[in-house]
Amino acid sequence: MQKEKDLIERLRNPNTRQEAYRELVQAYQKSLYFHIRNIALNHDDSNDILQNTFIKVFEKMADFNEESKFFTWLYRIATNEAVNYVNKKAKRNGFTYENFQTQIAGQLTAETYFDGDDVQYKLQKAISMLPERQQLVFKMKYFEELKYEEIAEILGMSIGGLKSTYHLAVKKIEEFVTRM
Amino acid sequence: MESKFKLPNQPKISPGFSVPEGYFETFPEQLFDRLAVNNSPVIPFKSKPKKRMYLAAAAIMAGLVSLSLYMNYQKNTQEVDAATLENYLTYHASISEEDIVNLLDEKDLEKITLDLNIPVQDLEEALKNNDNIEQYLID
């Protein structure tokens, strides 16, 4: 906690900002990358979104008001950047978010940076058929093992709503995979 | 009889994603190179006394051309309709939908409210056939 406070202070100080920013990137690049990758699915898009995320963090550092944890603030920016990026790409191609995700998930076996087996592929396909909100909640809970309290802060949802959403998502995934 | 897939009964399934070799080693420099380009300083402009005359003339010409273009624009400009604006923001803007929503106040929201007058029967039918109905109820 103190370490995080120190980092935030150094990020806000023009004299120490550059070095602090490098530390920030080193500390969070992996976890943010895989969080974004879970949403965007392919590496190239995820790389773009990760860069956009850190640039936005750099620009909006003054807006961080410490009402939320720094970690959840970072994840919120990353989630919004990823979802907006995917939505824009979907619209450009004439798809809804869900239809676009289903298409991308269906092509995962051809993706260079997907090493999954048959079960992993089916799970990704099943997830892609869920509504956008259920996809996000499921991925954050199941793959990333975030606590409900953390997901609630990141997505702006109630914990009760999250639990219901996750339960629904699991039920639908099980049905989809059984039918595949 | 098909055996039902049960997620809790499975060993933990990972997403299956990998990254190019050395990606996380090189990512920071990739990012800082991009930041350096975004934040390039303005190169100060220096000129010799003789050049200033030509530059002044060029500036006056540019001003006259801009003024005539501006007056022409004023004559021909039309208000952009909502659909065109929405499409532009969707495909070109780096601003997110959340950022746009945060800029709207009560009066703006009232202005963009549409009165659709959809018959209740049609609404019920649409909701009955919507796969996301349960999520809407939770939200």
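Predicted model: local features only at pLDDT ≥ 70, side-chain atom pairs only at ≥ 80, totals over all residues.
View 1. Residues are numbered from 1 along each chain as its sequence is written, while chains are lettered from A and ligands numbered from 1 in the order in which they are written. H7 spans residues 132–143 of chain A and H9 spans residues 159–179; they pack at about 95 degrees, with their axes 9 Å apart. Axes are lines fitted to C-alpha atoms, for helices over the stretch in contact, and angles run from 0 to 180 degrees between N-to-C directions. Helices (H or I, at least four residues) and strands (E, at least two) are DSSP runs, numbered from the N terminus. From H7(A) come Arg133(A), Gln134(A), Val137(A), Phe138(A) and Lys141(A). They meet Leu162(A), Thr165(A), Tyr166(A), Leu168(A) and Ala169(A) of H9(A). Contact here means C-beta atoms, placed from the backbone, within 7 Å. The residues of this contact divide into 6 nonpolar, 2 polar and 2 charged. Ala, Val, Leu, Ile, Met, Phe, Trp, Tyr, Cys and Pro count as nonpolar, Asp, Glu, Lys and Arg as charged, and the others, Gly among them, as polar.

**View 2. Helices H8(A) and H9(A) are also packed, at an angle of about 105 degrees.** H8 covers residues 148–155 of chain A, and the two axes lie 9 Å apart. This pair is therefore roughly perpendicular. Tyr148(A), Glu149(A), Ile151(A) and Ala152(A) of H8(A) meet Ile159(A), Leu162(A) and Lys163(A) of H9(A). The contact has 5 nonpolar, no polar and 2 charged residues. Leu162(A) in H9(A) meets residues of H8(A), and Leu162(A) also takes part in the contact with H7(A).

**View 3. Gln135(A) lies in helix H7 of chain A.** Gln135(A) is buried, with 21 other C-beta atoms within 10 Å. A residue is buried if 20 or more other C-beta atoms lie within 10 Å of its own, exposed if 12 or fewer, and partly exposed in between, with C-beta atoms placed from the backbone. Beyond its neighbours within four places in sequence, Gln135(A) contacts Gln101(A), Ile127(A) and Leu130(A). Tyr166(A) is 31 residues from Gln135(A) in sequence and 8.9 Å from it in space, C-alpha to C-alpha.

**View 4. Helix H6(A), residues 118–128, holds buried residues.** These are Leu123(A), Gln124(A), Ala126(A), Ile127(A) and Ser128(A). They pack against H5 (97–106), H7 and H9 of chain A.

View 5. Leu41(A) sits between H2 (17–40) and H3 (43–60). Leu41(A) is buried, with 23 other C-beta atoms within 10 Å. Glu145(A) sits in the loop between H7 and H8. Glu145(A) is exposed, with 9 other C-beta atoms within 10 Å.

**View 6. Chain A consists of 9 helices and 0 strands in its list of elements.** Its radius of gyration is 17 Å, close to the 16 Å that the globule rule gives for 180 residues, so chain A is as compact as a globular protein of that length. The radius is taken over C-alpha atoms, and the rule is 2.2 Å times the number of residues to the power 0.38. The C-alpha atoms fill a box of roughly 60 × 35 × 30 Å along the principal axes. Of the 180 residues, 36% count as buried. Mean pLDDT (the predictor's confidence in each residue, from 0 to 100) is 93, and 100% of residues reach 70 or more. Confidence is lowest in H1(A), residues 2–12, at a mean of 88, and highest in H7(A), at 96.

**View 7. Chain B touches chain A through 29 residues, which contact 37 residues of chain A.** H1 (23–38), H3 (82–91), H4 (97–103) and H7 (133–138) of chain B each supply at least two residues of this side. The largest share, 6 residues, comes from H1(B). The side of chain B divides into 14 nonpolar, 7 polar and 8 charged residues. Chain B has 7 helices and 0 strands. Of its 139 residues, 4% count as buried. Chain B averages a pLDDT of 70, with 34% of residues scoring at least 70. The model scores ipTM 0.90 and pTM 0.74.

Definitions and conventions:
Contact = placed C-beta atoms within 7 Å. Parallel < 35°, antiparallel > 145°, perpendicular 65-115°, else oblique.
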